[in-house]
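Me: I am new to this structure. Please show it, and I will ask about the terms one by one.
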Amino acid sequence: TKVPVSRQKLLGFKKRRGVAGHLSDDSLLSDFVIGKRQKFILIGTIEEEELKKADDVMDVFNDFDLDYMPTNEEIIDFNQRQANLDEKVKKTEINLITPLRPGKKLLVLDLDYTLFDFGSRKHVPKLTDTMRPGLIAFMTEMYKHYDIVIWSQTSWRWLEVKITELG
């Protein structure tokens, strides 16, 4: 291996009975239980792949030094995207469950895969079982300081079901 001995770490071993203390970087192989089919992992960084000091790194190209002028096509494309966005905003319905409180900042949280883990939904019988650990305590504490918006790509009806079940 090209990994220097000082950078090698062995994972997957247990301490042999009768060996005092904990296994450490100074432990000998004789301190480990090694079976005939023992599997272990050697990890470490090859010297050539280690991070170099800032002095050894080449200069970074500063793209802020360039004078950039968008083309007419880019301006037209930007204006079209802006018009599409403005139209979507006008059509968007915002459903408030409770009124905003004066003086509170707004905290926006994504429901899917952030507050709930829907990747495991097919194996979980109840929606509440997909809640992230500590979610209720987190939401309770955040509500003291912020008004909370729950965002989701799903429809309002489904979002309301999820939030209602959350409590």
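Me: What makes Ile-94, Leu-96, Leu-100, Leu-106, Val-108 and Trp-151 a nonpolar patch?

Reply: A patch takes residues with over 30% relative accessible area and no salt bridge, and joins nonpolar side chains (Val, Leu, Ile, Met, Phe, Trp, Tyr) within 5 Å. A salt bridge would be a side-chain nitrogen of Lys or Arg within 4 Å of a carboxyl oxygen of Asp or Glu. These six names form such a patch on the surface, with about 670 Å² of accessible area together. Areas come from the Shrake-Rupley method with a 1.4 Å probe; for residues, only the protein chains shown count as cover.

Reply: One caution. This is a predicted model: local features need pLDDT of at least 70, side-chain atom pairs count only at pLDDT 80 or more, and totals for chains, interfaces and linings use all residues. Residues are numbered from 1 along each chain as its sequence is written, and side-chain values use heavy atoms, leaving out hydrogens and water.

Me: Why is Leu-96 called exposed?

Reply: Exposed means over 50% relative accessible area, buried under 20%, and partly exposed in between (1.4 Å probe, protein chains only). Leu-96 has 58%, so Leu-96 is exposed. Leu-96 sits in the loop between helix 1 (72-91) and strand 5 (105-110).

Me: How do you know what counts as a helix or a strand?

Reply: Both are DSSP runs, numbered from the N terminus: helices are H or I, at least four residues, and strands are E, at least two. The protein has three helices and six strands. Their order along the sequence is β-β-β-β-α-β-α-β-α.

Me: Why is Asp-147 called buried?

Reply: Its relative accessible area is 6%, so Asp-147 falls on the buried side of the cut-off. Asp-147 belongs to strand 6 (residues 146-151). Of the 167 residues of the protein, 16% count as buried.

Me: What makes the pair of Asp-147 and Arg-101 a polar contact?

Reply: A polar contact is a pair of N or O atoms within 3.5 Å; within protein, one must be able to donate a hydrogen and the other to accept it, and residues adjacent in sequence count only if both atoms are side-chain atoms. The side chains of Asp-147 and Arg-101 make one at 2.7 Å.

Me: Which residues does Asp-147 touch?

Reply: Contact means heavy atoms within 4.5 Å. Leaving aside residues up to four places away in sequence, Asp-147 touches Leu-100, Arg-101, Lys-104, Lys-105, Leu-106 and Leu-107.

How values were computed:
Patches are made of residues with over 30% relative accessible area and no salt bridge: like charges are joined within 9 Å, nonpolar side chains (Val, Leu, Ile, Met, Phe, Trp, Tyr) within 5 Å.
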